[in-house]
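Colleague: Could you walk me through this one? I have a few quick questions.

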Amino acid sequence: MTADPVFHIEEFTDSELAILNRHFTNTDLPVFGIIGLPEVVKGALFARYSRSPKSIRRLFLDEFASEASFGLDADPAGSVSHVGVARAQQLYDRVFTQYGDDSVAQLGGAHIAVEQASNILTKVLEWGRLASYLEQSTRYIFYDKQLGGRYRYHIPSEIDTVGLTDRYRHDMDRSFATYSDVVARLVEHYEALYPKADGDSDYVWRSTIRAKACDDARGLLPASTTSNVGIFASGQAYEALLVRMRSHPLQEVRMCSDLILGELRKMIPAFMKRVDVPDRGGAWSRYFTEIAEAMGNRAAVLGVEPDPAPIVTLVDFDPHGEQKVAAAALYAHTDLPDAQIRGLVDDMTDDEIDAIFTAFVGDRTNRRHKPGRGMEQTYYRFDVLCDYGIFRDLQRHRMLTIEWQDLTTDHGYATPPAIDDIGARAMWDEAMERAALLVEDITHSISRTVAQYAVPFASRIRFVMNLNAREAFHLIELRTQQGGHPDYRRVCQEMHRAIAEVAGHRRIAEAMSFVDHSEYDLARLETERKAASRRAAAGITDPSV
């Protein structure tokens, strides 16, 4: 007797298979990819899928691949023509209306590149949680070369109205010239301090030296420094991004929103219909603008100066957090109500709760091995005051809640020890003082928001991070690894200490077994060596220096 197959194999005719093979990665398995179709077609296909008993391949053949309903006119290579896309969009519009727009708008996406964006703009672009971003790094790229005849910084159009453009250009050029001088000195300093070790390639050694020099010198760069950002997101995520950008007070951000919208309408036009409709996206943008203005007015009423604060303050936590985590860890493995489990845990001894944590955390042999969602039952709210360069690294952890204040020179600035070592302290301080004067004048002449462009990366910024314990595992263990920037390693080491000592959550802190509290002289070296080993194992030679 032949055993029944694990899953049903759908049958297709030869002509149907010829169509399906162009657009599906297989025709005989229950898991497959969809290829060679515009995003609007894939979105409409999935939206229709949710209301049909048919398999998606059969649905595509019956309702999407016929010229009468969808018009997927294909050339000999199998690509879809613009005629087919237009007809697909007509169907998508009907689906969009019939089945609800918000969920349908999650079903298609697009890649967008935004280049020559200021570091103010990049943080606006990277605000949304449900998107993927990749940004050019100031840790590995020298900013001493000019682009189009000038250094790589953005000139805000707002300063034209108050006659500050010439001074702004002059001060930006001086900051970049100082950066170029300092980063070159730092490279020479570290090359002499850390000679190339036997067994290390030139690429490994020079990459490590470059990262170390860039780490120290980047504080001289202003927030106007331009960068490149790659984004992949769904139509829904782009819509939310653009609506926010259209309400932003900076002209650069609003201009970029128009450019992104124009390109997305070439790629996923059906997803972008509401963004600039006055009573839809327009009303949404106005709401954001009104809230920002109202909250700004309320904050101005406070009229007090900030109290002195350490770099990391644990502002809020749950004293009963570990008991709640223990109860949540047990929940999925019992048939008891949640309240009953919590009551049982409340009556347990410390040893019994320790045993639950030991079982729940398990034997973590890799930092990517993280305990389950029970760790999400307790939280921490940290107030952080550190330099803007470090904030840029920590801001990338968007799944937690992060909010920041305007960038200013009021909180002082950080100076790496190596700046004194190379005799550049006077240059560094002069650059910071010059920037502070420009920031003050732009603030008085235009606004504090526009003045942010002139603030150096070394200036301190205050922000808050609200995260549950599971998110804390990811952030703190990752950002204390040996290859990380020493300053954000210090911030996250302090967060870990506060969880153990201030919150008293010693079990949670001990479970973060991959937090590294050590100090390193040449932090990137081991990371570069491991990368070189992987390249060698794959038969790839190191790139040329």
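Colleague: Which residues in α12 meet which ones in α14?

Modeller: First a caution: this is a predicted model, in which local features need pLDDT of at least 70 and side-chain atom pairs count only at pLDDT 80 or more, while totals for chains, interfaces and linings use all residues. Residues are numbered from 1 along each chain as its sequence is written, and side-chain values use heavy atoms, with hydrogens and water left out. On the α12 side E322, Q323, V325, A326, A329 and L330 meet I353, I356, F357 and F360 of α14, where contact means heavy atoms within 4.5 Å. Helices (H or I, at least four residues) and strands (E, at least two) are DSSP runs, numbered from the N terminus.

Colleague: How do the residues of that contact divide into nonpolar, polar and charged?

Modeller: There are eight nonpolar, one polar and one charged, counting Ala, Val, Leu, Ile, Met, Phe, Trp, Tyr, Cys and Pro as nonpolar, Asp, Glu, Lys and Arg as charged, and the others, Gly among them, as polar.

Colleague: At roughly what angle do the axes of α12 and α14 cross?

Modeller: The axes of α12 (residues 321–331) and α14 (residues 350–361) cross at roughly 55 degrees and come within 10 Å; axes are lines fitted to C-alpha atoms, for helices over the stretch in contact, and angles run from 0 to 180 degrees between N-to-C directions.

Colleague: Changing topic, what is the strand order in the open sheet?

Modeller: The four strands are ordered β4-β5-β7-β6 with antiparallel pairing, two strands being paired if DSSP finds at least two bridges between them. The edge strands, each pairing on one side only, are β4 (312–317) and β6 (401–404).

Colleague: How many bridges join β5 to β7?

Modeller: Nine bridges join β5 (residues 379–387) to β7 (residues 460–468), and D383 has V464 as its bridge partner in β7.

Colleague: Which helix lies across β5 and β7?

Modeller: That is α19 (residues 469–479), which runs at about 130 degrees to β7.

Colleague: And D406, where is its place?

Modeller: D406 sits in the loop between β6 and α16 (417–421). D406 counts as partly exposed because its relative accessibility is 32%, given that buried means under 20% relative accessible area, exposed over 50%, and partly exposed in between (1.4 Å probe, protein chains only).

Colleague: What is D406 in contact with, leaving aside its neighbours within four places in sequence?

Modeller: With those set aside, D406 is in contact with R448, T449 and Q452. From D406 to R462 the C-alpha to C-alpha separation is 8.3 Å, although they are 56 residues apart in sequence.
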